[in-house]
Amino acid sequence: MGMNEILRLWLLIFGLVFIVDSSVSAPDECQQETIRLRSQLRTLEGRVSRQLELIQQLRSQQAEPPSRTDGFVDLGELKDYADCAQIYNDGNNGSGFYMIKPLRSPSKIKVYCDMSDGGGWTVFQRRTDGSESFDRDWADYKQGFGNMQSDSGEFWLGNDNLHYLTSQGDYALRISMADFDDNLRYAKYKSFKVASEQDSYKLGFGKYSGSAGDSLSGGYHPEVQWWASHQGMKFSTHDRDNDRYERNCAREDKAGWWFNRCHSANLNGFYYKGPYSSVTDSGIVWYTWHGWWYSLKSVAMKIRPEDFEPNEV
């Protein structure tokens, strides 16, 4: 019931009050009509009172902030969000874990929304301390794994979820990196897409911008691009080899990744602390910043729609 209808009810009540009051001194033949009008008056007063209580309840619910427990922000079940960009533009600008439902996903999924760097980023990979092993099999990378409780936990969101997200529109990828001297760099790519499992989660991306250099395309030197580019590569794990190398890149470099022969970027590598020595370049590598033999301190890979425009608050 809207405010206009409530106003009409109040006007009717006032009219009934006038009639009832006028009937108090009426002859005996009006007694039955007076009783009927008083009964109708009580009914209308009860309806208006209940409607006013309902309006107050709705207003108080709207005023309450979303509940947050252990980093998870509960927005309720009234609305489905396709990604963190929609959550941000619905007035939720705090970083944390939220529930989303990409258009093709069969169910809701828990994601970490990074509301920095302009807001609205859905994080699908995070490295912070080496607490999680990223040397996992195909099934683990398909479904996702890691710590989805802590705001600093390490995780992989899952290749199926990556496909659901990037198949619903044009997405930009931003990779935020830090080394052990707390220097920060980033790489950003347009048109980031991950194919379905039927196509082995093949990687696609567009133009680069940023401060870390373009390691994904291998475009830093034309003579190495044929083996260093990750463009169009299928995903590989130690139990499913889809790279172009005669051996198994995922097994040698201790990670699931879009390997070529083998890589100029491997952000799922083994967590060494800075410079390292190994049989292969198996660290958390971004070649155009620190080369193959330096393992980064932290990484976050995150996406949002390319046409994202934050709502003005």
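The accessible surface of the protein comes to about 16,000 Å², of which 49% belongs to carbon and sulfur atoms; areas follow the Shrake-Rupley method with a 1.4 Å probe, and for residues only the protein chains shown count as cover. This is a predicted model, in which local features need pLDDT of at least 70 and side-chain atom pairs count only at pLDDT 80 or more, while totals for chains, interfaces and linings use all residues. Residues are numbered from 1 along each chain as its sequence is written, and side-chain values use heavy atoms, with hydrogens and water left out.

Of the 313 residues, 45% count as buried, where buried means under 20% relative accessible area, exposed over 50% and partly exposed in between (1.4 Å probe, protein chains only). The protein holds eight helices and 17 strands, taken as DSSP runs (helices H or I, at least four residues; strands E, at least two) that are numbered from the N terminus. Among contacts (heavy atoms within 4.5 Å) between residues at least 6 apart in sequence, 56% join residues at least 24 apart.

Strand β5 (residues 121-127) is mostly covered, with seven of its seven residues buried. Strands are said to pair if DSSP finds at least two bridges between them. Strand β5 runs antiparallel to β4 (residues 109-114), to which three bridges join it, and Y112 stands opposite V123 of β5. In the hairpin of β4 and β5, six residues lie between the strands, and D117 takes a positive phi near 50°. Five bridges join β5 to the antiparallel strand β17 (residues 298-305), where M301 stands opposite Q125. Two bridges link β5 to β7 (residues 155-156), again antiparallel, and in β7 the bridge partner of Q125 is W156.

| Disulfide | S to S distance | Angle about the S-S bond |
|---|---|---|
| C84 and C113 | 2.0 Å | -75°, left-handed |
| C249 and C262 | 2.0 Å | -90°, left-handed |

C84 and C113 are joined by a disulfide; because C84 lies in helix α3 (residues 84-88) and C113 in strand β4, this pair ties together parts that are 29 residues apart in sequence. C84 is buried, with a relative accessible area of 0%, and C113 is likewise buried at 0%. Both C249 and C262 are buried.

N161, in helix α5 (residues 159-166), is buried with a relative accessible area of 10%, and N161 touches I109 and Q143, not counting residues up to four places away in sequence.

Terms used
Disulfide = S-S within 2.5 Å.
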